[in-house]
Amino acid sequence: MNRTVSHLALAAGLVFGAAAVHAATPAELATKAGCAVCHQPTAKGLGPSYQEIAKKYKGQAGAPALMAERVRKGSVGIFGKLPMTPTPPARISDADLKLVIDWILKTP
């Protein structure tokens, strides 16, 4: 009996431990934060594609900080007339936002 309980506990630990180890990809983080409502990898939606954003900011040393500020505060007139609403830390942490921005900037 004790051995069965031990094996079940080990199996549960492996299953749930493996699930806890999965780190969300930047694409998953962006989708969870609501970015995918307006932005797509290569196609224009309500907002510019991630590819278009990457092209605009390519080679700009201050691009990550500028992009983070625009995400947090919102912006208008950068890619057209439609405003981008602010995205608060409650929807995506600063650390996850940095991962997403770095990923977008690496988009070919």
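Student: How many disulfides does the count come to?
Tutor: Zero disulfides. Keep in mind that this is a predicted model.

Student: Is Cys38 buried, exposed or partly exposed?
Tutor: Cys38 counts as partly exposed, because its relative accessibility is 30%.

Student: What about His39, buried or exposed?
Tutor: His39 is buried, because its relative accessible area is 11% and the limit for buried is under 20%.

Student: Where does His39 sit in the fold?
Tutor: His39 is in a loop, the one that runs between helix H2 (26–33) and helix H3 (50–57).

Student: And what does the His39 side chain reach?
Tutor: The backbone oxygen of Pro48, at 2.7 Å. Leaving out residues up to four places away in sequence, His39 touches Gly47, Pro48, Tyr50, Ile53 and Met84.

Student: Changing topic. How much space lies in the largest pocket?
Tutor: About 610 Å³.

Student: Which residues lie nearest the centre of that pocket?
Tutor: His39, Pro48, Ile53, Ser75 and Met84, out of 31 lining residues. As for elements, H3, helix H4 (63–73) and helix H5 (94–105) each give two or more residues to the lining.

Student: Which one gives the most?
Tutor: H5, with four residues.

Student: What is the lining like by class?
Tutor: The lining of the largest pocket has 19 nonpolar residues, along with eight polar and four charged ones.

Student: Back to the whole protein. How many helices and strands are there?
Tutor: Five helices and zero strands. Read from the N terminus, the order is α-α-α-α-α.

Student: What share of the residues is buried?
Tutor: Of the 108 residues in the protein, 22% are buried. His39 is among the buried ones.

Student: Last one. Of the contacts between residues at least 6 apart in sequence, what share join residues at least 24 apart?
Tutor: That share is 41%.

Note on methods: Residues numbered from 1 in each chain as written. Predicted model: local features only at pLDDT ≥ 70, side-chain atom pairs only at ≥ 80, totals over all residues. Heavy atoms only, no water. Buried < 20%, exposed > 50% of the residue type's maximum accessible area, 1.4 Å probe, protein only. Polar contact = N/O pair within 3.5 Å; in protein donor to acceptor, adjacent residues only side chain to side chain. Contact = heavy atoms within 4.5 Å. 1 Å grid on protein atoms, 1.4 Å probe; cavity = no way out; pocket = protein on both sides within 12 Å on 5 of 7 lines; lining within 4 Å. Points joined across faces, edges and corners; volume = space filled by probe spheres on them. Nonpolar A, V, L, I, M, F, W, Y, C, P; charged D, E, K, R; others polar. Disulfide = S-S within 2.5 Å.
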